[in-house]
Amino acid sequence: MAEARVPDVPATDPLSARSEILARIRSANRASISDARTLSAEEAWQRIPRNYRDAGLLTESDRIELFTERLREYGAGVSSSQPAQVADTIAEILRKRNKQTMLLSSGVDPNWLPQDGVRFVADNELSYAEMEACDGVLTGCTVAIAVTGTLALCHESIRGRRALTLLPDYHLCVVEAATIVETVPEGMRALEPHRTQPITLISGPSATADIEMTRIQGVHGPRVLDVVIVV
Amino acid sequence: MAPTSERERQPLDFPSAALPLLHDAQLRGNVRHATDVIQGKRFRVVAEMPDWQSLREAGRQVRAHTLDYLDVYLEQFEQRCTAAGGHVHWARDTAEANRIVLQLAQNPTGRVIKIKSMTTEETGLNHALEAAGIQPIETDLAELIVQLGHDKPSHIVAPALHKNRHQVRELFVRAMNLPDLGDRPEDLAEAARVYLRQQFLSTPVAISGANFLIAETGGVCIVESEGNGRMCLTLPQKLISFAGIDKIIPRFSDLEVMLQLLPRSATGERMNPYNSVWTGVHPGDGPQEFHVVLLDNRRTEVLRDPEARETLQCIRCGACQNACPVYRQTGGHAYGSVYAGPIGAILTPQLALMERGQSLPYASTLCGACYEVCPVKINIPEILIHLRGRVVTGRPSYLRALHPEAMMMRGMQWMFLSETRFRLAQRFGRIAQRPWIRRSGWIERLPSILGGWTRTRDLRPLPQQSFREWFQARPSASTGSHSTLPPQVSSEPPEVPHG
């Protein structure tokens, strides 16, 4: 238990720090920008040339293939399923992984859930300990990016808080083919309407290369990631 | 943890700091291996991007534009973040920043969990927290290794790349009391997972850095690999994010550029495992109290220098370090500062108003590899030269005039201004060099300050006849006789003496 021992730094007026920093910035910019700021920030931003690729070129099946390949490179398991067979596919995967209790984000389509073999737990203000005790978590996905193998979860649209996909050791994510885009700019554009929500981009299971640059899968997040693509 | 700020107050001298490190074979091996691996991966994932140069240009322009309108965007960020339930604090210098955090970080457990943040290294926050009785727990694997070893980070992205698995195991065995721990990286990561999980669940306050502050939304973006960041951003009741005022980007959509440039440049991945974006406080999800501390610490002075302000475009990817032939030999510690490598060589002296780190602008061969890999096209070699100029002009005028290099340059200028003096100097040089020419025909060692040149290389002696002398002595074509080449030059063009 630590009592506050605030060091002897002279008390400063927080408001003056703000105005002083802003004044320093304005004076520095006046001194060092050769052409004065004639445009508004908005206009100047619009004029930034963006000659990079902002749209994909692949057909839908090639896009799905690329996404699958990238996920596999990260060490994620990938299955594809027709809409009617999603529940069977999920049941099969969970049986192989030996998962009995799965957390559920409330955005998951009830038709995707297998009828027996697995207990699904909705997040009714569960404690972190209760979340950890589950074998894994099942969620949907807002947008997926093929080139980078990225699952983008907007937590309000999948209707699950961020801790859901963090504390359990296993994550099963269902991706509908229509939500898969090819490039990062397309993905960010699809996320734009959700931009003030909490967003998590997941590209493979958590990993580190901090020890001798050896990639180790699974440090703090779920160590195993499976993805079902609904085609 | 070593008292960072005190150690940094000592004057730095890159060559003296580098020398012992060059004799540490273990360290050099570790650094070489790590930088080779990251460079190789980066090269592969950059090569597969046909639009990489367009992305770099867009990245540069977005960052330069942000600096031009920094006041506008900071105010916008503050307004939007506050509207979303966050609190924004402004700090003129490191002491003010640490003071704000100390007041916010008080909690009954006496601990805070931390995500890797170069900015908190810059302010010496861990030391300040410890002095106030709060224990900071680093949760990034590499930072944990650095913290347990009472060490300092040596790389922006991989702070512990100077340690190998055996050294890490030793640290963990002692700190976590695990005598049977294996030394496979998997074992070590598992030990860290178990050790830190309890801390994540029981510590009510987290401190993070920030990769990007989004002016348009008041949101913050953090890019990471391990999931320790997500733990810190999600589980505690209170989150304090620490960021330099340069970390702003104008809009959410600018992430489409940054999130392509940063992971490929930093770790050679197409995308890093986890990116988090959040905006203020989200009811029912994550910390219910959120603070951002905006740090100036002389960044506004960097902004004032038209030739060097692009330093602030940096997005801290570390690609310049991996590419730098100097960094690859010495590792990060030789730079004696939080920011090492080429970016450290330009950022450190500027943040210290050229008072410290005067040797750092010289810690470069100016080969340009850093500029080539920089995802936001910071022209580091040009800024290095500019800062060398500032080092020289910053000397007191009496020292400037009497500095041996300055005197030599003035002498050279005087000599080159007259043909007679130039010819005389050549003749003098041919005689004066005689005692230094070895039997090999090379000059291997020169006296006094000229010796710096020959310490690492041999020098060709001045030829006995210069090109001009040969040209004038040559029988003219009109006499019909054959021209003769000077004896020592054979078929190669005669060497022109170096000025």
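Me: Angles under 35 degrees count as roughly parallel, over 145 as roughly antiparallel, 65 to 115 as roughly perpendicular and the rest as oblique. At what angle do α6 (residues 184–191) of chain A and α13 (residues 255–266) of chain B pack?

Reply: This is a predicted model, in which local features need pLDDT of at least 70, side-chain atom pairs count only at pLDDT 80 or more, and totals for chains, interfaces and linings use all residues. Residues are numbered from 1 along each chain as its sequence is written, while chains are lettered from A and ligands numbered from 1 in the order in which they are written. Helices (H or I, at least four residues) and strands (E, at least two) are DSSP runs numbered from the N terminus. Axes are lines fitted to C-alpha atoms, for helices over the stretch in contact, with angles from 0 to 180 degrees between N-to-C directions. Helix α6(A) and helix α13(B) make an angle of about 135 degrees, and their axes are 9 Å apart. The two helices are therefore oblique to each other.

Me: Which residues meet between α6(A) and α13(B)?

Reply: A contact requires C-beta atoms, placed from the backbone, within 7 Å. From α6(A), the residues are V184(A), P185(A) and M188(A), and they meet L255(B), E256(B), L259(B) and Q260(B) of α13(B).

Me: How do α10 (residues 165–176) and α11 (residues 185–202) of chain B cross?

Reply: The axes of α10(B) and α11(B) come within 10 Å and cross at roughly 30 degrees. That angle makes α10(B) roughly parallel to α11(B). On the α10(B) side the contact is made by R165(B), V168(B), R169(B), F172(B) and M176(B), and on the α11(B) side by P185(B), L188(B), A191(B) and Y195(B).

Me: What is the strand order of the open sheet in chain B?

Reply: Strands pair when DSSP finds at least two bridges between them. The sheet has 6 strands in the order β1-β10-β7-β4-β2-β3 (chain B), and the pairing is parallel. β1 (87–91) and β3 (135–138) of chain B are the edge strands, each with a single partner, so one side of each is left without a neighbour in the sheet. From one strand to the next, the twist averages 25 degrees.

Me: What joins β1(B) to β10(B), and which helix packs on the sheet?

Reply: β1(B) pairs with β10(B) (residues 289–295) in the parallel sense over 5 bridges. Within this pairing, H89(B) has V293(B) in β10(B) as its bridge partner. Helix α6 (residues 94–105) of chain B packs on the sheet and touches β1, β2 (111–114), β4 (205–208), β7 (238–244) and β10 of chain B. The direction of α6(B) makes about 170 degrees with that of β10(B).

Me: Is V147(A) buried or exposed?

Reply: A residue is buried if 20 or more other C-beta atoms lie within 10 Å of its own, exposed if 12 or fewer, and partly exposed in between, again with C-beta atoms placed from the backbone. V147(A) has 23 such atoms within 10 Å and is buried. This residue lies in the loop between β5 (143–145) and β6 (150–154) of chain A. Leaving out residues up to four places away in sequence, V147(A) touches L66(A), E182(A), T183(A), V184(A) and R270(B). L66(A) is 81 residues from V147(A) along the chain, and their C-alpha atoms are separated by 6.8 Å.

Me: How many residues of chain A are in contact with chain B?

Reply: 69 residues of chain A are in contact with 92 residues of chain B. The elements of chain A that give two or more residues to this side are α1 (14–32), α2 (41–46), α6, β9 (199–202) and β10 (207–208). α1(A) gives the most, with 13 residues.

Technical notes. Two residues are in contact if their C-beta atoms, placed from the backbone, lie within 7 Å.
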